[in-house]
Amino acid sequence: MTKALLEVKNLSKIFPSMTEYVLKGINLKIEKGDFVSVLGASGSGKSTLLTILGGMDTATEGEVLLDGVDITKLKEKELAKLRRTKIGFVFQFFNLAPYLTVEENIILPMILERKTQKEYAEKLKYYLDYLKLSDLAKKLPGKLSGGEQQRVAIARGLIYQPEIIFLDEPTGNLDSKTAIEIMELLQRINKEFNTTIMQVTHSETNASFGNKIIRIQDGNIIEEIVKDNDA
Ligand SMILES: Nc1ncnc2c1ncn2[C@@H]1O[C@H](COP(=O)(O)OP(=O)(O)O)[C@@H](O)[C@H]1O
Ligand SMILES: [Mg+2]
């Protein structure tokens with residue numbers, strides 16, 4: 001049996017001052033190359049799950065094994081490096097730095113790792129082109145449409161060729177046509193780079209772009225559907 005890229009074991013989360021667990025013993029395996037969609041009502045714990053898997057919040061109990069390493073046991077400094085180099089994260093509201101240009105936003109993770117221009121120039125050019133952002137490279141995010149801003153965020157998430165990219169309602173702030181374009185783009189990234197993708201969505205249509213659909217309700221996984229290959 002192959003080792004899962006990401007394995008979640010009995011993950012629970014309760015926030016301080018709360019009386020009820022937000023995540024109640026989640027178990028989950030994600031293989032390299034999976035495109036996973038997490039569906040669930042508002043407040044069901046989707047963002048909490050994604051934030052913990054992405055190393056941005058701590059678990060109360062349980063393990064999160066990324067490539068066999070339990071990230072819940074890492075020190076903050078190790079975790080920060082992991083977040084910049086092995087994990088991509090894309091948010092609903094894009095979270096771009098408003099005073100940095102498109103290209104500066106994209107290479108930000110590499111700047112933070114003190115990479116030189118020589119090291120990132122080629123990648124930057126590649127992803128600008130891949131995401132059809134070349135003409136917008138010198139612009140500020142505020143001058144871009146929502147769909148364009150989200151492509152910048154996706155480029156930033158991809159620049160390190162991460163093991164996995166997490167997206168929390170990446171199209172929640174976009175019209176439905178642009179949303180489909182972003183889903184098609186994610187599908188292409190998944191197939192062409194074999195990048196593992198895990199997205200949270202409200203939309204059944206968006207969810208159907210993945211090969212695995214996980215339904216979450218009140219902090220429990222209530223259903224897991226694995227589609228046939230190339231369906
Ligand atoms: N930092 C926090 N402190 C206390 N409660 C929180 C915090 N973040 C989320 N919650 C609560 O946890 C539950 C799940 O939230 P969330 O994971 O954001 O759900 P979803 O993304 O599915 O809408 C909600 O009841 C929410 O109010
Ligand atoms: Mg949420």
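## Residue L131

In this predicted model, L131 is buried, because 20 other C-beta atoms lie within 10 Å, and a residue counts as buried when that number is 20 or more. L131 belongs to the loop between helix 4 (117-130) and helix 5 (146-158).

When neighbours within four places in sequence are left aside, the contacts of L131 are R151, I154 and A155. For L131 and A155, which stand 24 residues apart along the chain, the separation of the C-alpha atoms is 7.1 Å.

## Residue S47

S47 is part of helix 1, which covers residues 46-53. This residue is partly exposed, with 18 other C-beta atoms within 10 Å. The class follows because partly exposed residues fall between the limits of 12 or fewer for exposed and 20 or more for buried.

Apart from neighbours within four places in sequence, S47 is in contact with D168 and V200.

## The chain as a whole

The secondary structure of the chain consists of 7 helices and 10 strands. The chain has a radius of gyration of 17 Å, close to the 17 Å given by the globule rule for 231 residues, so it is as compact as a globular protein of that length. Along the principal axes, its C-alpha atoms fill a box of roughly 45 × 40 × 40 Å.

Of the 231 residues, 41% count as buried.

How values were computed:
Residues numbered from 1 in each chain as written. Chains lettered and ligands numbered in written order. Predicted model: local features only at pLDDT ≥ 70, side-chain atom pairs only at ≥ 80, totals over all residues. Helix = DSSP H or I, 4+ residues; strand = E, 2+ residues; numbered from the N terminus. Contact = placed C-beta atoms within 7 Å. Rg over C-alpha atoms; globule rule 2.2 N^0.38 Å.
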